[in-house]
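Open the model in your viewer and keep the selection tool at hand. This tour moves from one selection to the next.

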Amino acid sequence: MVTELNESNFDSFVESNKIAIIDCWAPWCGPCRRMGPIVEELSGDLAGKAGVAKLNTDENQGIAIRFNINAIPTLLVFKDQVLVDSLVGLRPKEDIIEYVNRL
Amino acid sequence: METDVLIIGCGPAGLQAAIHASRRKCSVLVVGKGRNSSIAGTHLDNYFGTGVTEGDAILEEGRRQAEATGAVFREENVISSAAVDGGFSFKLESGEEVVSKSVVIATGVSRTKLGIPGEKDLYGKGVSYCAICDCNFYRGRRVVIVGNESEAAVSAEMMTNYASETSWVAWDITANASLVERAEAAGVTMYSSKPDRVEGDGKVERLVLKDGTVIPTDGVFIELGAKSAADIAMDLGVMPEMDDSIKVGRDCSTEVPGVYACGDVTGKPWQVAKAVGEGCIAGLSAAEHAGCGQ
């Protein structure tokens, strides 16, 4: 199971992973539901390389506003605790792995 | 109404599925708009036995054949779908509810992007293609919905529950009249010129129309065409492929029993010959699942 983030553990997750990939989603979003299984697999495939977690933007609107999220699914990408990218939209697992390998 | 087989889409794949399911003595309802078929208004020169022919002529004759076998047509799109006990339920643009034992998705592939300047660069920065996904980020902000069909009308009405101002740009409106009325009654401001460009510095600030009208806005939601096959599939429990196509077996079945797909929606080649072949198989498979005639 991929870690679910909220206001209380978001910052500590970003701090404890050199690279953190956070899947921002909501239950009624069709593309997000398609992203779900991809993110589950990514957390295994990227183990040791990047921390992968999920953020329900419906329940955590403060964090969504903090990071200017306007569309989901969005993958927030942090490196050394700095937001380096917001990848918007559904994308294949292989593209995400290739992206992380280039970071 | 209740039907054995519901066919969504009335291009070559849907029509051929309708003909074969009807000939198995199933009650068949076909929903969709023939003019939206990818062969409407085109010349065909690579379809077996027809020489050079008109797409419209094939669609017209195909519909006549399907009607002759008993299929019933509704010139409207599906706006919601769900799997229910022992079958599937759908709501059409007119509000009519349909329950079926099996369903054939033959919607073809649709264009989702406008292709105007600013659209690609500002995607995720105010440009969105999914109102239901992203409406929550626009509480108290200004939104423009872009699109001519009922899907845009439904999105515009929904958006009034979130946005401070909702505008709707429709330049060739084909949405159901009662859905348009509901959007207007909810306070949506209508514009009738085609969008020209999205502008903004790092985020959407305005949508400019061809007639020069400038609409200041925080979000531009592009809702072209009918509900997509990917959305319909997901609502029925079928996970689409990454390119929005629907994976089927040799019997045109999907991962959900009773849900079949055929034609362009199952992937390339996007050819009439392939659509018709798959339509035949999907129609027969859907009839068998519905349990009517052998």
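This is a predicted model: local features need pLDDT of at least 70, side-chain atom pairs count only at pLDDT 80 or more; totals for chains, interfaces and linings use all residues.

**Stop 1: the domains of chain B.** Select residues 2-110 together with 227-290 of chain B; this is domain 1. Colour residues 127-222 separately as domain 2. The C-alpha centres of domain 1 and domain 2 of chain B lie 30 Å apart. Now look where they meet. Six residues of domain 1 of chain B are in contact with six residues of domain 2 of chain B. On the domain 1 side, that contact has three charged, two polar and one nonpolar residue.

Stop 2: Select residues 78-84 of chain B for strand β6, then residues 87-92 for strand β7. The two run antiparallel and are joined by six bridges. Zoom in on B:Val84, whose bridge partner in β7(B) is B:Gly87.

**Stop 3: helix α7 of chain B.** Select residues 272-290 of chain B. From first C-alpha to last, the 19 residues of α7(B) reach 26 Å, close to the expected 27 Å. Step on to B:Gly291, which follows α7(B) and has a positive phi, near 80 degrees.

**Stop 4: where chain A touches chain B.** Show both chains. Which chain gives 20 residues to the contact, and which gives 17? Chain A gives 20 and chain B gives 17. On chain A, select α2 (30-45) and β5 (82-88), the elements that give two or more residues to this side. α2(A) gives the most, with five residues. By class, the chain A side has 12 nonpolar, five polar and three charged residues.

How values were computed
Residues are numbered from 1 along each chain as its sequence is written. Chains are lettered from A and ligands numbered from 1 in the order in which they are written. Two strands pair if DSSP finds at least two bridges between them. Helices (H or I, at least four residues) and strands (E, at least two) are DSSP runs, numbered from the N terminus. Two residues are in contact if their C-beta atoms, placed from the backbone, lie within 7 Å. Ala, Val, Leu, Ile, Met, Phe, Trp, Tyr, Cys and Pro count as nonpolar, Asp, Glu, Lys and Arg as charged, and the others, Gly among them, as polar. The expected span of a helix is 1.5 Å times one less than its number of residues. Domain bounds come from an automatic or database domain assignment.
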